Amino acid sequence: MKQLKIPQLYNLNETILSEYIKTYEYPWQVLPHIGEYIIKVGATLSPDVFDHVGQFIWIAKSANVAPSALIDGPCIIDESAEIRHSAFIRGNAMIGKFAVVGNSTEIKNAILFNWVQVPHYNYVGDSILGHKAHLGAGAITSNVKADGTLVNIKAEKVIESGLKKVGAMVGDNVEVGCNSVLNPGTVIGRNSVVYPMSMVRGFVPADSIYKKQGEIAGRIMAH
């Protein structure tokens, strides 16, 4: 299950939570602790770089936050991030450097690495999005199973997460097409592309093109 492990999915140099994330084997193991780690890191942030604007809310002075955005803590919005009109950050949210959280996008208990883009009508809950990952308009992470049972991670074998809420673990440089749904416990390997209108479940290997359930169209050629 090597491709499911944190070092194979994420460049930990691209988040200020790296010291905490790297202590785990699999990314979904981080989910129950995001809020506490944000509070710990937030307390160490320089007041020359970050404003402490509310209870457990730190926003970089260089970030661009629309007045209409609603932000609950714990939350860190890192340098040069952009939080657009009517974005809703519900807490336990780490927004990386140069990340974009767009209009009517909702973020909850999630880590967005540096340069992540969720710019239009997205929902990202109980998820981790790697460096330069991008969700097209309307793409969402579904984080609770319809029957309310615990989420399992399904790849070459089934791994029990022990959690009721697990969204998607999206690797670095992943492109997710418009109006796609990433079902609970989905893991997408680095550099993969998901076609628009896809319903993704289980594990998508790195460097793949995902067209529909059970069909990996091919491998992405190296640049």
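Let's start with Met94. Met94 stands opposite Ile111 in strand E10. Keep in mind that this is a predicted model. Strand E8 covers residues 93-95. E8 and E10 pair in the parallel sense, over three bridges.

Now stay with E10. This strand runs through residues 106-112. Is E10 mostly covered or mostly open? Mostly covered: six of its seven residues are buried.

Next, the other partners of E10. Strand E7 is residues 88-89. Two bridges join E7 to E10, and the two run parallel. Look at Ile89 here. Ile89 stands opposite Ile107 in E10.

Hold on to Ile107, please. Ile107 also has a bridge partner in E12, and that partner is Val124. So which residues make up strand E12? Residues 123-129. How many bridges does E12 share with E10? Six, again in the parallel sense.

To recap, Ile107 faces Ile89 and has Val124 as its bridge partner in E12. Met94 faces Ile111.

Last topic: cysteines. A disulfide is a covalent bond between the sulfur atoms of two cysteines.

Cys75 has 0% relative accessibility. The cut-off for buried is under 20%, so Cys75 counts as buried. Cys178 has a relative accessible area of 35%. That value lies between the 20% and 50% cut-offs, so Cys178 is partly exposed.

That's the tour. Questions are welcome.

Key:
Residues numbered from 1 in each chain as written. Predicted model: local features only at pLDDT ≥ 70, side-chain atom pairs only at ≥ 80, totals over all residues. Heavy atoms only, no water. Buried < 20%, exposed > 50% of the residue type's maximum accessible area, 1.4 Å probe, protein only. Helix = DSSP H or I, 4+ residues; strand = E, 2+ residues; numbered from the N terminus. Pairing = 2+ DSSP bridges.
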